[in-house]
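Reader: I'm new to reading protein models. Could you walk me through this one, feature by feature?

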Amino acid sequence: MLIAGFPAGAWGTNCYLVAPAAGEECVIIDPGHQAAQGVEEAIRKHRLKPVAVVLTHGHIDHVASVVPVCGAHDVPAWIHPADRFMMSDPEKALGRSIGMPLMGELTVGEPDDVRELADGAALELAGLDFSVAHAPGHTKGSVTFRMPGAADIPPVFFSGDLLFAGSIGRTDLPGGDMAEMLDSLARVCLPLDDSTVVLSGHGPQTTIGRERATNPYLRQVAAGPGAELDDAPRRGM
């Protein structure tokens, strides 16, 4: 399996291209701010053919390049219905203006073909299997994508802004909710095998085992109701 990832734009949002191997079809995950050029470079380098864009949530730092990327390759974009409005109205999603100079660089709107994700959905794209889990907390429509392991390849978990190395996504923007975040961590992350590789929306990769042992938020939900929450930082837009 081939996973080509790079941080893009003002927020350093991780964009991933996933394919069975070089020279084959691929899925693009979270083409955010200023990600289009990096996407095209990865496509040329690995001789890939995009078949879909899938989005972990609707914040502008994860969706800003959806229109040009989908348009260039005539592919659909998949997003949870609760976050779909953010593609056309990013400022409403943030509860404030993100700044006119920055907005002037963005192509705001939906691509021609938008399809909606549902909790528990199984997506078969580019010869790959993605299990979708609705994981609200950062936004109402946040989702994660899990790929099964095979032979000597561990499972892979695209966590978006739910889980980071040592942290979690912020919950203080419209649609954010700490109680929902903790529930999503318990329901979606804790059952995963320790060997699962976590590829998040920001920052370096990690594993579920490492986060289970060291991440204060995952440790809290693993400890159960009534456990005291460490005052650790949160990330994401």
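Author: A residue is called buried when its relative accessible area is under 20%, exposed when over 50%, and partly exposed in between, using a 1.4 Å probe and protein chains only. Take Asp 30: its relative accessible area is 2%, so Asp 30 is buried. A word on the model too: it is predicted, so local features need pLDDT of at least 70 and side-chain atom pairs count only at pLDDT 80 or more, while totals for chains, interfaces and linings use all residues. Residues are numbered from 1 along each chain as its sequence is written, and side-chain values use heavy atoms, leaving out hydrogens and water.

Reader: What is the phi of Asp 30, and where is Asp 30 found?

Author: Phi of Asp 30 is near 55°, a positive value in a residue other than glycine. Asp 30 lies in the loop between E3 and H1. Those labels are DSSP runs numbered from the N terminus: helices (H or I) have at least four residues and strands (E) at least two. Ala 126 is another case, with a positive phi of about 55° although it is not a glycine. Ala 126 sits in the loop between E7 and E8, and it counts as buried, at 10% relative accessibility.

Reader: How many helices and strands does the chain have?

Author: Eight helices and 14 strands. Of the 237 residues, 53% are buried.

Reader: How do I read a sheet?

Author: Look for pairing: two strands pair if DSSP finds at least two bridges between them.

Reader: What about helices packing on things?

Author: Contact means heavy atoms within 4.5 Å. Axes are lines fitted to C-alpha atoms, for helices over the stretch in contact, and angles run from 0 to 180 degrees between N-to-C directions. Helix H1 (residues 36-46) and helix H3 (residues 66-73) pack at about 35°, with their axes 9 Å apart. From H1, the contact uses Ala 36, Val 39, Glu 40 and Ile 43; from H3, it uses Val 69, Ala 72 and His 73.

Reader: How is that contact split by class?

Author: Nonpolar covers Ala, Val, Leu, Ile, Met, Phe, Trp, Tyr, Cys and Pro; Asp, Glu, Lys and Arg are charged, and the others, Gly among them, are polar. The contact of H1 with H3 has five nonpolar, one polar and one charged residues.

Reader: What's a nonpolar core?

Author: It's a set of buried Ala, Val, Leu, Ile, Met, Phe, Trp, Tyr and Cys residues joined through side-chain atoms within 4.5 Å. The largest one has 28 residues, and Leu 17, Ile 28, Val 39, Val 53 and Val 66 have the most contacts inside it. Several elements each supply at least two residues of this core, including E1, E2, H1 and H3. A second, separate core has 21 residues, among them Val 27, Ala 52, Val 132 and Leu 199.

Reader: What order do the strands of E7's sheet have?

Author: That open sheet has six strands, E7-E8-E9-E10-E13-E14, with mixed pairing. Strand E7 (122-125) and strand E14 (206-207) are its edges, each with a single partner strand, so one side of each is left without a neighbour in the sheet. Helix H6 (residues 178-189) packs on the sheet and touches strand E8 (128-134), strand E9 (143-147) and strand E10 (156-160), its direction making about 145° with that of E8.
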